[in-house]
Amino acid sequence: MMTLDAVGVRRQARVIMIDGGHGVRSHLNTLGIHVGDWLTVVERAPFHGPVLVEVNGTRIAIGRGIASKVRVDVDGTVTSLVDTANPGRAAPR
Amino acid sequence: MKFVLAGQPNSGKSTIFNAVAGYRSATANFPGSSVSYTVSRALIQGREVDVVDLPGVYSLTSSDTVAGEGESYLLDGGYDLIIDVVDASRLGRSLELTLQLLELQRPMIVALNMVDEAERRGISVDVSGLERELGVPVVATIARRGKGLRELFRTALRHAHVGGPAPARRLDREVEHALATVSSALQESGVKTGVPLRFAATKLIEDDRHFHGIVLGWYPGLEAAVAVAVSDLERAHGWSADQIVSGGRHAVAHSIEEQVSVHGSPSVGWREWLDRLLLGPWTGGLLMVAILTTLFWGVFGVGRRIEGPLVQLFEHVNAAVVGRLEPGSLLATVADGIVMGLAGGVAIVLPYLIPFLLGLAILEDTGYLPRLAYILDSLMHRIGLHGKSVLPLILGYGCSVPAIMSTRILESKRDRRITGALAAFIPCSARSVVIFGLVAAYLGPLWALLVYLLNLGVVVVLGNILGRRMRGSSPGLILEIPELSVPHPRTLAAKTWLTMREFITIAWPLLVASSVVLGLLEWFHAHDGINAMLSPLTVTVLGLPAAVGMTLVFGVLRKELTLVMLVQALGTTDVGSAMTVAQLMTFTLFVVFYVPCIATLAVMAREMGWRDTAWVAGLTTVVATAIAFAGRFAFAIAT
C-alpha cells in the first residue's frame, strides 16, 4: 500500500482509504473519487506540485498534501482485470 | 411559472440559460464560474417563464457550515420544475447529483448536455434507457450549438403541467433501513424541514453540517436517533456513514451509467496533445509565460493603434466646440467637461478595455484558467495558499468585483480572506487602462510590463505575510480540470459586450458627470481646497502636481476616472505635455495600488465583512504610498 502522491505517471492505482477530515473526503467523493475507484495518474507537476489524475473520464488536480492522504494500491498485474471489469473506463491513454 | 437550471459545475447551465435569456449570465470553462444565481424572463411557446440559472453544485451535501447559494435555492423549493443539466461525457458522476435531486421529489426533467463531447470520448448514451432508469423525461442537448434546447423547454413546459414529482431511487438495504429509522423519528418529532422526510434523513445521516445545525437545533431529541442509525450503519459496513451513503449513490449512478451507455474507444485528438504540452512538467511553465506575454502585447498593440487617432480626433472636437464659446465662461467649462468626459471614455479607456476583456474571455472559455491553477499550485503554496486561489486572482485582472465574489470557490475561510485581500491589489481592467494609457503610452510597453511585475511581486510578498499571520487551515487543491475547448466567437463577443455594456451604462455617464463636476469645481475654485488638503500626499510625498489630488478622489468611484479626470484636471488629452514621465510613473503606481473602487469595497464588505474591508482599504493606501514614494526615487535613479 502506498499513497497517491507516490504513484508514477501513467500508472493506475485503486483507492483503498481516504484519510483526512470529512471535508476533504466529501469533496473527493463529490468529484467522483470513492474508495474502490481506479485512478490513472496523468501528470505530476514538478516542485512538489499537484498530481493530475483521471477517474471515470474526468481529470482532477489534487494537491500533494491531499494526495498524500489518499491511500492506494498499485498492482500492475490487475490492470487487465480492470479493463474487463470497467471497459474503456480506466484504460490508460 | 419558474424553471430552475441545476447541475454540477461546468455542465453548461449558464450556456442553456443564455440561449433562452440572451447573454445575461457570464459563462466560462472552469468549475464554479457562476457564484450567484441569475433570473430571467423568457418566452417559451408564447408563455412567460422565469428561468433561474443556479451556481453549480457537485452534491446537495455540504461539508461547510453554510450551504452554497445553489443548494439553498434548491432546498427552498420556490420553483415549479427542476431542469437537471447533466454532462453526458461524465454521466456517472453527474447522475450522483441527479439522484439527490430526485430525492427532493419535485417535478424534474433532465437535459443530457454535451452529447457531442461524449461522442468524441467514445461514449454514446441511450436517452430512452436513461428515461426509464430515472423515471423522468430526458432530452439530449448540445447547448453550445443550441441543439435540442427548443425540445428541452417544450418538454419542461409540458412536464411542469402534467408530470408529477420525480420518484426517488432506492439505495442498499442497510442504508434504506437507517433512512427509515431516521425518517420515522423525524416524523414523530414533527420537525418542519421543508423537504421530503427521506431527503432530510439522508442529510442527517451524511452529517451535513448545515442541515444538522438547523434540524437538531430545533429538536435536540433527534440527535440520539440519528446517532443510533449512524452507528448501526457504520458497524454493518465498516466505513463512516457519509462515505456509505455517498458510495451507495455512486454505485447506483454508475450502474445506471453502465446500463444506458456504450463506451467505445475515445479519439485522442489535438486536445490531448495540447494538454500534454500545457500541463507538462517543463513545457507547462514556459507556455504559461508565453501565453500571458502574448496577451499583454496583444492588448498593448491593439490599444495603441486605436488610441492615437481617437485622441487627436477629440482634440479637434474639443477645439471646435469649446473654441466657439467664450473662454472662461460657465458654459465653456461645462462643454469642456462633457467633451473631456466623452473623450476619456472613448479615446483612452475603450481602446485598451476591449482587447483586454476579449483576451480574458479567451483565457476563460478555453479552459486555460484551471490549468494555470494546476501549474501555479506549488508556487501558491509558498505564499500560503493553493492553486485554486489563482482563479480569483486572474479574474481580478478583469474586474475586482467578480474576483472577490469568486473567492467563494475556496473551501476555507482563511483562504477566502487572504485571496480576497490580494485580489483587491491586482490591477483590474480599469487600472490596466491607466497603466496602458499613461505608462505604456508615454514610457513604453516595457515599463508597463515592469509595473505589472512589480505589482505581482507586492502581491506575493503580501500573500506571504498574510499567509504566515493568519491562522486556520488551508485544505489544499482539489480542482476539476475541464476539457480544453475552442471558444465560440459569438460567446466571446457576447461576454465582452456584457462587461462593456456595464461600462457604457454605468461608468460612462459617471465619467461625463464627474468631468463636468470637476469642471464646475474648478470654475468656482472649489477644487483648490481639496487639492490643497491632499497636497501633503500628492506634492510633498509623491512629487506630483497639486491638480492630481481631485483625480484620486474621483478614482475611488471608478478607477478609470483617475485617467479621465487627469485629462480634465490638466486640460489636455496629451498628458505627457503637462507631467514628466517620472510623475506619470509615480501617479500610475499610486493609482494601481490605492483603495479599491466603491463597487469593490461594497462587494468586499458583503463577502468578508466591514472589518476586513476597512483593513484592506487601509493597507492598500499604505502600500500605494510606500510603493509610489519608492518608485519616485527609483525611477529617477534608473533613468
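Modeller: Chain B is assigned domain 1 (2–162), domain 2 (173–263) and domain 3 (283–473 + 494–638). These bounds come from an automatic or database domain assignment. The model is predicted: local features need pLDDT of at least 70, side-chain atom pairs count only at pLDDT 80 or more, and totals for chains, interfaces and linings use all residues. Residues are numbered from 1 along each chain as its sequence is written, while chains are lettered from A and ligands numbered from 1 in the order in which they are written.

Start with domains 1 and 2. In chain B, their C-alpha centres lie 24 Å apart. Domain 1 of chain B puts 25 residues into the contact, and domain 2 of chain B puts in 24. Contact here means that the C-beta atoms of two residues, placed from the backbone, lie within 7 Å. On the domain 1 side, helix H3 (91–103), strand S6 (123–125) and helix H5 (127–134) of chain B each supply at least two residues. H3(B) gives the most, with 6 residues. Helices (H or I, at least four residues) and strands (E, at least two) are DSSP runs, numbered from the N terminus. By class, this side of domain 1 of chain B has 10 nonpolar, 10 polar and 5 charged residues. Ala, Val, Leu, Ile, Met, Phe, Trp, Tyr, Cys and Pro count as nonpolar; Asp, Glu, Lys and Arg count as charged; the others, Gly among them, count as polar.

Now the strands. S1 (residues 2–7) and S3 (residues 47–53) of chain B run parallel, joined by 4 bridges. Two strands pair if DSSP finds at least two bridges between them. Phe3(B) has Val51(B) in S3(B) as its bridge partner. On S3(B) there is also an antiparallel pairing with S2 (residues 38–44) of chain B, over 7 bridges. There, Val39(B) is partnered by Val52(B). S2(B) and S3(B) form a hairpin with 2 residues between them, and Gln45(B) in the turn has a positive phi of about 50°.

Next, a helix pair. The axes of H7 (residues 173–189) and H10 (residues 222–237) of chain B come within 9 Å and cross at roughly 175°. Axes are lines fitted to C-alpha atoms, for helices over the stretch in contact, and angles run from 0 to 180 degrees between N-to-C directions. H7(B) and H10(B) are therefore roughly antiparallel (the term covers angles over 145 degrees). Residues of H7(B) that meet H10(B) include Val175(B), Ala178(B) and Val182(B); on the H10(B) side, Ala225(B), Ala229(B) and Leu233(B) are among them. This contact has 11 nonpolar, 3 polar and 2 charged residues.

The contact between chains takes 36 residues from chain B and 35 residues from chain A. H3, helix H11 (241–260), helix H15 (368–382) and strand S9 (478–481) of chain B each supply at least two residues of the chain B side. That side has 12 nonpolar, 16 polar and 8 charged residues. S9(B) pairs with strand S5 (residues 58–62) of chain A in the antiparallel sense, over 4 bridges. Leu479(B) stands opposite Ala61(A).

Last, one residue. Asp336(B) lies in helix H14 (residues 330–366) of chain B. Asp336(B) counts as buried because it has 22 C-beta neighbours inside 10 Å (the cut-off is 20 or more other C-beta atoms within 10 Å). Beyond its neighbours within four places in sequence, Asp336(B) is in contact with Asn318(B), Val322(B) and Gly519(B). The C-alpha atoms of Asp336(B) and Ala225(B) are separated by 76 Å.

Definitions and conventions
Parallel < 35°, antiparallel > 145°, perpendicular 65-115°, else oblique. Buried ≥ 20, exposed ≤ 12 C-beta atoms within 10 Å, placed from the backbone.
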